[in-house]
Amino acid sequence: MPKLIELVTGKVDGVDTTLSIFRDSIKFTYGEEVYVFDLEGRPIFMYFDNMLYERGLSGEIIEKKWISFKPHRRYIRRIKDANEKRYILRYTYRRIGEILDHLNYRGRDDLKGLLNEEMIGRLEREEKVFREIYRPISILPPDQYLALVFQPLEGCPYNKCSFCTFYRDREFRYKSVDEFREHVEKVVNFLGKGILIRRKVFLSDANALFAETDQLLEYIRIVKEYIAGDMVEGFYSFSDYFTVYKSIEELQILRKEGYKRVYIGLESGSDNVLKILSKPGPATRSIELVKRLKKAGISVGVIILIGAGGREYYDEHVEKTVEVINSMPLDERDIIYFSKLKIHEDSEYLKISREYGLTELDDEEMNMQIEDIRRGIRLDRQPIQAIYDIDETIY
Ligand code: SF4
């Protein structure tokens, strides 16, 4: 929990209101409404009119609402229209203005200088700067939406999975040391005090572990040049299990330098399903990587692709995935993510699934498949299990 520096409570127009100043953020509540900002005054979460709005550094806003918890069903909409985004921001800053006008807080003028409608223009200008600093952050694990992302590698070294269109827009490449240093400096300057709320460092894009260990250590060293060690909670990244080989000794060094968790797209334990996904197997190779990571003290996030192989491979997908998961030395520090397959019109998967005559699972069947896999998992120490909806990615 971030450290609370000051809490102010009161009534604004008869509504219970609080202002919490944290070491890394500012939070307001007004009745049911909630507003959270980073220390530069950028909104992060807003909850009003029974709707949650998440805003990323990119300027994207996602609107969300729970429909049901079990089965997991959420309404999600990515707001693209600039006027609509402006309306949400205006609503937010006006509400904060009203609160600050009435709340008895001695730092009120400073906050009014920061959290006002003029910020909207600054936020819109920042969207352009963001695009100059970053290639699009196509995907992040759900527990990393508030990470501090750096892109030492761009794209995916494999880039051929039939269901995946995340990095089709870019060639895979490494940044040189100088280029990466410049990138880090730009990100740090861009974030200003807003960096304080982002304590996990995520090394993007698809597979930072693909880099030679020495090179990866150099990237980590550069990040540490710009951010004090105690400000970094840990380093995180994706990895595949078919191009990456790192010895336990190498992983131990990475652990010592702060690597905390690696996210691996297992997708399926079935090699037949992997074939449909154009993902190299065998799936059992993932077990070896997980064993080495765990031995080195690095936790893992294992991603399972729900619905892969359609109805025709339903049972095989469940059975083999459970087998692979149960062979991994997972525990409560690890996460198993269930990600429902989203088939893009222009994806290879659609073509291949037609060739195979596959029938897509509907949402109810996907929820059933999640439950079937959950039931099969027998591990002494239960990892966290969570839904991974790729449409919720925001940075
Ligand atoms: S699923 Fe992962 S390994 Fe496959 S193409 Fe996409 S990013 Fe690359």
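Which residues have the most contacts inside the largest nonpolar core? They are Val201, Ile264, Val302 and Ile304, and that core has 77 residues. A word on terms. A nonpolar core here is a set of buried Ala, Val, Leu, Ile, Met, Phe, Trp, Tyr and Cys residues joined through C-beta atoms within 7 Å. Buried means 20 or more other C-beta atoms within 10 Å of the residue's own, exposed means 12 or fewer, and partly exposed is in between, with C-beta atoms placed from the backbone.

Two notes before we go on. This is a predicted model: local features need pLDDT of at least 70, side-chain atom pairs count only at pLDDT 80 or more, and totals for chains, interfaces and linings use all residues. Residues are numbered from 1 along each chain as its sequence is written.

Strand S15, residues 299–306, gives the most to it, with 6 residues. Helices (H or I, at least four residues) and strands (E, at least two) are DSSP runs, numbered from the N terminus. Now take valine 302. Leaving aside neighbours within four places in sequence, valine 302 is in contact with Ile264, Leu266, Ile325, Met328, Ile336 and Tyr337. Contact means C-beta atoms, placed from the backbone, within 7 Å.

An open sheet of 8 strands runs in the order S1-S2-S3-S4-S5-S6-S7-S8, with antiparallel pairing. Two strands pair if DSSP finds at least two bridges between them. Why is one side of S1 and of S8 left without a neighbour in the sheet? Strand S1 (4–12) and strand S8 (73–79) stand at the edges, each with a single partner strand. Neighbouring strands of this sheet are turned by 15° against each other on average, direction ignored.

Two pairs in detail. Strand S2 (residues 15–22) and strand S3 (residues 25–30) run antiparallel, joined by 5 bridges. Threonine 18 has threonine 29 in S3 as its bridge partner. S7 and S8 are also antiparallel, with 7 bridges. They form a hairpin with 4 residues between them. Serine 68 stands opposite arginine 73 in S8.

What packs on the sheet? Helix H1 (residues 82–102) does, touching strands that include S1, strand S5 (43–48) and S8. The direction of H1 makes about 85° with that of S5. Axes are lines fitted to C-alpha atoms, for helices over the stretch in contact, and angles run from 0 to 180 degrees between N-to-C directions.

Now the backbone. Most residues other than glycine have a negative phi, and most peptide bonds are trans. Here are some exceptions. Serine 204 to aspartate 205 is a cis peptide bond, with omega near 0°. Aspartate 205 sits in the loop between strand S12 (200–203) and helix H5 (213–226). Glycine 281 and proline 282 are also joined by a cis bond, with omega about -10°. Aspartate 49 has a positive phi, near 50°. Aspartate 49 is in the loop between S5 and S6, and is exposed, with 10 other C-beta atoms within 10 Å.

Last, the ligand. Residues around the ligand include Cys156, Tyr158, Lys160, Asp240 and Gly265. Being near means a C-beta atom, placed from the backbone, within 6 Å. The shell has 7 nonpolar, 2 polar and 2 charged residues. Ala, Val, Leu, Ile, Met, Phe, Trp, Tyr, Cys and Pro count as nonpolar, Asp, Glu, Lys and Arg as charged, and the others, Gly among them, as polar.

How values were computed
Contact = placed C-beta atoms within 7 Å.
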